[in-house]
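Q: I would like to learn how to read a protein model. Could we go through it one feature at a time?

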Amino acid sequence: MADGESDMEYSSDNDYEFEDYYNSDAEEQRKMDETLGQEVTKRREDCDIEQIDPKRTDPEYFVYECLNVEEVEKLMNEPVEKLSTQLQITPSLAKVLLHETRWNTAEVIERYRNNASNLLVSARIKAAPPVVAGPGLPSPSPSAVSPVTTSIVPSTSAGVSSITTSTASTISGPSFLLVPSASSAFVPTSATISISGGTTSSSASLSLHPGPSGNGTKVLQHHLAGSTSSNSTSSSISGSSSSSTFTTISNAPTTCYRTQLCPVCVTVQSTDKFHRLSCQHSFCRDCWAMHFEIQIGQGISTQIECMEQRCDVRVPEDLVLNLLNRPVLRDKYQQFAFADYVKSHPELRFCPGPNCQIIIRSQDISPKKATCKVCKTSFCFRCGTDYHAPTDCQIIRKWLTKCADDSETANYISAHTKDCPKCHICIEKNGGCNHMQCFNCKHDFCWMCLGDWKAHGSEYYECSRYKENPNIAHESVHAQAREALKKYLHYYERWENHSKSLQLEQQTLDRMKTRINEKVMKGLGTWIDWQHLFDAAALLAKCRYTLQYTYPYAYYMESRKELFEYQQAQLEAEIENLSWKVERAETTDRGELENQMDIAEKRRTTLLKDFFPNEV
């Protein structure tokens, strides 16, 4: 009994101890457990991020976003407002400077603060300073002479009028005006202003002369002879074809009538109807408006220049919009200008899809594949053409140019039919797979080289390699030319063949969809049950597309060629195996098909990791 009591006392003591542990320190222990759990979870998350980092595992990983027009306008207005505020310039001028420097705000600010004049000249906002004539230097061009205006100022005294002449003053800063077009061709003519009075008379003549080179540039020369009489009562302007008379009226109010001759339409108009750029070339607003309409009709917007010959000063957006009267022209100008701004922005690309308004943005300027979320068009983000991994943009441009030239020069036409190498019966290729089986003798052979399919082997797909003549350097020029053509046709034939295989496999996929739809309608499974077939067909197209673009890469390749050709051969062999299984997918074991898909994708990824140019 004593032992039992002692046992009970011992148990009771232990219970109190555990109770104290769980009660008194329960809150503290819970906090410790939470802290420890958070640290473990964080470590696991960090570990998971390292393991699934797509930049390391996927050579085609690319971060981009699809934007609409409103979002892009908002994006581009931010640096415009920032630049306008910091440099205290107009938004239209800020847009021109950003467009010229490919939207590099820091560069604009630095260059503007260091030498604003040079920046404005380089952006063609301001005219370059004229070269001072000196010994051995040509004199300034006559077209640089400022236009002369003639003012008739009636006096307050009865019957008195005077003629004054003035030259357009130089306007500092990036102001804007207009110029005669290069196509202006005027017949030399003259206009005479004569003033006669009671005892004295004076005359002034306005004459147009062709430029020294006879290129149609007109120089307005003002000749003033004699002195102006205070007693003159009338003045007349006479020309070769027309004349007009200005008669002063007694007690007329004091008014200044300033007129100017437009070098384009050769009409004398009031100076308030003229506009000039910073180059000081002045034209009437009707000629400016016609010039803008013609330029916009040709798709030109931000690059509209002064009408004067050999003057490339840019016309500002404000002036264009101010002089365009028709809303349709204003809308077209703004659309063209927006397109120019987007094309000059290094992070923006228009989707090349038909009638698609989406704009792709990415800070990674690399030859990666971008796919529009609206029209599903895929293209290379760097050059804007069809996606071409593993070939870089420069090489694919050279290859496509060569294909457009040399394939016609060689009169090369890809054959659609070939004879069976065993029974010599004519066979037409009706599928994408290059593993052919003669329907007559059941002989398996390669469509490309007509060799026995079994001889290709699993270790090396010899058909994809081009074996160069080691002694070609010692051959004649004609022999070298034939060898070069032979090499080109080797790669071109395979390039073209895989392109056609892609089209044929798309037809195979369409037929497969039709058959599966019939089975689903008959209750032989659901679309989910057959989804693996569509996944296999999509992967096959993806792998063959990559394989097609390995041939331009191999054609221009110089280093590491053996490794590349080995990986290319492995990829081609697995693609043909996958193509064979996809064409017979409904009777192929699902596990076997998925295993072949995994092998083909790994071959493709390995090749891209080793040879895809990812550098910017």
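Q: Which residues in α13 meet which residues in α15?
A: First, the ground rules: this is a predicted model, in which local features need pLDDT of at least 70 and side-chain atom pairs count only at pLDDT 80 or more, while totals for chains, interfaces and linings use all residues. Residues are numbered from 1 along each chain as its sequence is written, and side-chain values use heavy atoms, with hydrogens and water left out. A contact means heavy atoms within 4.5 Å. Helices (H or I, at least four residues) and strands (E, at least two) are DSSP runs, numbered from the N terminus. On the α13 side the residues are Ala536, Ala537, Leu540, Cys543, Arg544 and Leu547. They meet Gln568, Leu571, Glu572, Ile575, Glu576, Leu578, Ser579 and Val582 in α15. By kind, the residues of this contact are nine nonpolar, two polar and three charged. Here Ala, Val, Leu, Ile, Met, Phe, Trp, Tyr, Cys and Pro count as nonpolar, Asp, Glu, Lys and Arg as charged, and the others, Gly among them, as polar.

Q: At what angle do α13 and α15 pack?
A: Two packed helices are described by the angle between their axes and the distance between the axes. Axes are lines fitted to C-alpha atoms, for helices over the stretch in contact, and angles run from 0 to 180 degrees between N-to-C directions. For α13 (residues 531-548) and α15 (residues 561-583) the angle is about 150°, and the axes are 10 Å apart. That makes α13 roughly antiparallel to α15. The cut-offs are under 35 degrees for roughly parallel, over 145 for roughly antiparallel, 65 to 115 for roughly perpendicular, and oblique for the rest.

Q: Are α13 and α16 roughly parallel or roughly antiparallel?
A: The angle between α13 and α16 (residues 590-611) is about 25°, with axes 10 Å apart. These two helices are therefore roughly parallel.

Q: How many residues of α5 are buried?
A: Buried means under 20% relative accessible area, exposed over 50%, and partly exposed in between (1.4 Å probe, protein chains only). In α5 (residues 91-100), eight of the 10 residues are buried. Among them are Leu93, Val96 and Leu97. The buried residues of α5 pack against α4 (69-87), α6 (105-114), α7 (116-122), α9 (317-323) and α10 (327-344). Across the protein, buried residues make up 39% of the 616 residues.

Q: How many disulfides does the search of the whole structure find?
A: A disulfide is a covalent bond between the sulfur atoms of two cysteines. The test is a pair of cysteine sulfur atoms within 2.5 Å. The search finds zero. The sulfur of cysteine 375 is 3.4 Å from the closest cysteine sulfur, in cysteine 351, which is too far for a bond. Cysteine 438 is in no disulfide either, as the nearest cysteine sulfur, that of cysteine 423, is 3.6 Å away. Cysteine 438 counts as buried, at 0% relative accessibility.

Q: Which residues does a cis peptide bond join?
A: Most residues other than glycine have a negative phi, and most peptide bonds are trans. In this model a cis peptide bond joins alanine 389 and proline 390, with omega about 10°. Proline 390 lies in the loop between β16 (378-380) and α11 (393-409).

Q: What is the phi of lysine 376?
A: Lysine 376 is not a glycine, yet its phi is positive, about 65°. The residue lies in the loop between β15 (369-371) and β16, and counts as exposed at 57% relative accessibility.
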